Amino acid sequence: MNTLAGGQQTGQVFDSSHSPVALEVIGLSKRFGALPALEGVSFRLWQGSFHALLGGNGAGKSTLVKCVMGYQPADHGTVLIGNRECVIESARDAHRHGLGMVYQHFTLVPDMTVLENLVLSRLPIPKMIAWKKERQRLETLIAETPFRIPLHKKAGELAAGEKQKVELLKQLFLQPKILILDEPTSVLTPQEADGILGMLKERTRSHGLTVLIITHKFREVMNYADAVSVLRRGKLIYSGPLAGNTPAMLAELMIGNETIARIGERTRAEKGPVKLAINHLSADSDTGALAVDRLSLNLHGGEIVGIAGVSGNGQRELVQALSGQRKPDQGGICIDDLPYAATRREMARFRCNCLPEEPLRNACVPRMSLAGNLALRTFDRPGFTRWRWFIDAKAQKEHALELIERYRIHPSEPGRRIETLSGGNVQRLVLARELSGQADLLVVANPCFGLDFAAASEVRKQLMQARNNGAAVLLVSEDLDELLELSDRIAVMFEGRLIYEAPIAAVDLDEIGLKMAGH
Amino acid sequence: MNDSALGWWGVPLAILGGAIRASTPYLFVSLGECLTEKSGRINLGLEGNLVLGAMSAYAVSYLSGSPWLGVLAAGAAGMLLGMLHAWLCSYPKVNDIAVGIALMMFGAGIAFFFGKPYIQPAAPHLPAISFGAWSGSAQVRSALEINVLFVIGLGIAPLLSWFLSNTRWGLMVRTVGDSRDAAGALGFPVNSVRAVATMTGGFLAGVGGAFLSLYYPGSWNEGLSSGQGLIAVALVVFAHWQPMRCLYAALLFGGAGALGPALQSVGVTGGYYLFNAAPYVLTLLLMMATCSPERTLSGIPGELSITK
């Protein structure tokens with residue numbers, strides 16, 4: 001997990017003993033129904049420090065900062081800013097107290113231009129907007145930052161990295177004293193992340209800005225943070241200076257004594273024959289723009305090919321074309337040298353299965369039961385029907401129970417609606433369905449997005465197992481660490497094409513980062 | 001110059017005049033719907049606003065003797081229906097489309113109920129401006145006899161367009177309509193903004209109804225609107241949620257509606273009913289031409305329930 005963890009510390013060492021407390025949280029608690037999300041969390045942010053907040057999925061990091069920002073009301077607890085108790089109930093209150101936040105999900109208005117989005121975040125927004133003046137004002141402000149953003153472009157058309165920069169600019173122009181960032185680098189290339197974090201770090205030194213950043217990338221924590229707090233299941237486990245901590249120690253603080261599935265060894269050195277051949281495939285996006293641009297790729301049995309890339313470079317459309325959700329405009333897909341149009345019949349024949357991103361939306365019927373969802377591939381196959389035309393509910397249920405047990409899906413009630421399950425369990429369920437029929441070809445997109453450590457390693461183990469059993473796996477992911485861990489070969493997708501391809505042994509991380517940014 | 005001298009040239013002229021005349025209700029309803037949809041809600045009930053507006057305008061104009069009071073009454077009635085829609089939709093899990101259909105029935109229903117006594121009497125009409133006084137031809141004069149409401153609508157379209165892109169409130173409406181997340185992060189009151197947009201939209205649609213009963217056809221009866229409110233909603237989709245394009249689309253549809261009478265005026269009587277169906281056929285054709293299952297429409301507000 002720390003393949004990217006570098007060593008160098010930027011800037012001078014931060015000394016908390018001389019600085020005042022910028023923000024203090026005392027005894028913050030929050031419950032969602034019966035579920036405690038935060039239990040008596042107390043910690044301090046020193047002014048001018050770069051503070052990292054770590055924790056597994058569902059540890060309560062986002063809840064904590066949302067309570068501080070007044071986005072959600074806390075059940076108990078106080079927030080002190082500059083040693084004075086504050087009641088923060090809205091974004092405006094937070095702004096008045098000098099707090100700013102960059103949310104995990106983009107809060108840009110997609111149908112508006114960057115210029116309009118930036119003006120919107122100005123407080124107060126002028127009653128009537130003099131666009132010429134605003135444009136000049138913003139252009140001078142942006143010139144002081146290292147970012148270059150096209151102001152006339154619509155926010156919806158920006159790449160994820162550019163969106164993140166706009167989000168950050170929005171907050172910087174408000175000149176907050178304390179800036180909170182919720183996983184700001186999850187969709188950026190390593191270079192882009194360094195650009196943004198480096199600038200923030202510099203501001204902590206030059207402007208006395210205090211930064212609280214939620215991240216799960218140890219590389220960033222080790223390189224930029226002065227102090228670190230670790231949450232586990234709603235409780236604060238550690239809060240103090242970073243100095244003296246190693247990534248391994250932090251990881252242990254985050255996961256406690258939970259057992260983590262080991263990825264499993266790579267067996268079978270020799271490649272199988274070509275399983276999937278993509279020839280000059282082109283496909284349009286929802287807006288009609290060319291998303292996949294004459295892309296070609298061969299995938300062999302017994303190998304995992306990882307596709308890296310910043311989201312929005314055609315990965316989604318590529319996966320949709322392979323899974324039958326999008327009609328290609330041009331070019332063809334062949335499996336075992338036979339043309340493949342992703343019909344249900346062909347999927348069954350070639351044993352081609354798919355785990356798309358956001359599986360609850362893209363691979364499940366949310367209001368159907370677990371058993372029903374598990375049977376989506378098999379309900380009309382021999383063994384699951386009665387008199388050929390009727391569904392055999394009993395066989396479905398037995399099959400479901402078996403898979404639920406084998407893949408440890410929780411809660412283990414086959415009759416439950418799938419939409420009530422947590423993200424990790426939905427992911428496991430779809431994986432169970434797609435892998436149980438012995439897949440020969442597996443197309444997987446961001447399989448661990450939003451999963452915690454334990455669930456993520458479980459999923460990765462399954463993928464490695466499928467590969468070891470001879471399946472060809474196409475892994476499209478935005479998580480470079482995951483790609484480096486699993487892939488036999490890595491390709492980089494940029495603007496609909498593969499612009500880099502290398503076996504894992506010859507991969508150069510810096511080069512991948514540059515290629516992802518289109519250099 | 002006598003009337004017959006125009007001959008077949010009378011057809012485009014009559015279509016132009018008819019387009020301006022028949023497009024007015026389309027224009028008002030579609031501008032109202034455009035504003036409502038920009039805020040992230042669909043109000044399918046504007047047909048009800050149109051009918052109720054027509055009835056209220058006629059009744060108030062008849063009782064007070066002032067057609068302009070009638071127009072205000074129509075707007076107020078439309079605004080009330082809009083308020084009802086906004087209030088119902090402010091509850092979680094309420095579907096705006098279903099509420100809209102219910103309100104369409106409701107609006108028409110109460111208009112018929114209260115409108116019974118006003119079917120017979122004659123109310124004072126809205127005035128028109130004669131732009132054709134220079135011409136000796138009666139046809140030219142009648143084609144350029146332009147009603148005041150159309151002129152007002154002509155002003156509202158660019159005003160709405162300017163409002164949406166140049167004012168704080170306009171940006172608020174668009175933010176709320178395009179991304180609830182963004183609106184939340186900026187601290188905009190989503191439900192209130194939508195309520196105001198829906199009420200203003202309802203007001204405009206009501207005024208469109210006043211045109212029907214107080215100018216053209218110029219009387220109140222139950223078959224007055226014949227689905228123009230619904231066509232206007234479809235027209236917003238065709239106009240890609242841009243007020244100025246709503247104006248052009250309304251003129252196009254008005255022109256299609258004027259095709260039948262225009263042809264009849266030069267003696268083409270065959271297929272009269274077929275030509276009268278032109279707006280409906282046009283709606284279908286345009287929808288087929290502009291919509292595709294493969295791609296999303298440009299300009300569509302992201303929060304609309306049909307987008308999600």
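**Exercise 1. Determine how strand β3 of chain A is paired and whether its faces are buried or exposed.**

Step 1. β3(A) pairs with strand β9 (residues 227-232) of chain A in the parallel sense, over 5 bridges. Two strands count as paired if DSSP finds at least two bridges between them. Helices (H or I, at least four residues) and strands (E, at least two) are DSSP runs, numbered from the N terminus.

Step 2. Strand β8 (residues 210-214) of chain A also runs parallel to β3(A), joined to it by 4 bridges.

Step 3. A:Leu53 stands opposite A:Ser229 in β9(A) and opposite A:Ile214 in β8(A).

Step 4. In a regular strand the side chains alternate between the two faces of the sheet. For β3(A), one side holds A:Phe50, A:Ala52 and A:Leu54, the other A:His51, A:Leu53 and A:Gly55, and all are buried. Buried means under 20% relative accessible area, exposed over 50%, and partly exposed in between (1.4 Å probe, protein chains only). The strand, residues 50-55, thus has 6 of its 6 residues buried.

The model is predicted: local features need pLDDT of at least 70, side-chain atom pairs count only at pLDDT 80 or more, and totals for chains, interfaces and linings use all residues. Residues are numbered from 1 along each chain as its sequence is written, chains are lettered from A and ligands numbered from 1 in the order in which they are written, and side-chain values use heavy atoms, with hydrogens and water left out.

**Exercise 2. Compare the span of helix α4 of chain B with the expected one, and locate its buried residues.**

Step 1. The helix (residues 96-115) has 20 residues and reaches 27 Å from its first C-alpha to its last, close to the expected 28 Å. The expected span is 1.5 Å times one less than the number of residues.

Step 2. The buried residues of α4(B) are B:Asp96, B:Val99, B:Gly100, B:Leu103, B:Met104, B:Gly107, B:Ala108, B:Ala111 and B:Gly115. They cover an arc of only 165° around the axis, so they lie on the same side of α4(B). The arc is that of the directions from the helix axis to the C-beta atoms.

Step 3. The buried residues pack against α2 (46-64), α3 (67-89) and α10 (228-238) of chain B. B:Met105 and B:Phe113, on the other side of α4(B), are exposed.

**Exercise 3. Count the disulfides over all chains, and examine A:Cys352.**

Step 1. A disulfide is a pair of cysteine sulfur atoms within 2.5 Å.

Step 2. A:Cys352 is buried at a relative accessible area of 3%, and A:Cys354 is buried at 9%.

**Exercise 4. Find the loops that hold B:Pro217, A:Arg408 and A:Asn446, and describe the backbone there.**

Step 1. Most residues other than glycine have a negative phi, and most peptide bonds are trans.

Step 2. B:Tyr216 and B:Pro217 are joined by a cis peptide bond, with omega about 0°. B:Pro217 is in the loop between α9 (190-214) and α10 of chain B.

Step 3. A:Arg408 has a positive phi near 45°. This residue is in the loop between α13 (393-406) and α14 (423-436) of chain A, and is exposed at 53% relative accessibility.

Step 4. A:Asn446 has a positive phi of about 40°. A:Asn446 lies in the loop between β19 (441-445) and α15 (453-468) of chain A, and is buried at 11% relative accessibility.

Notes. Contact means heavy atoms within 4.5 Å.
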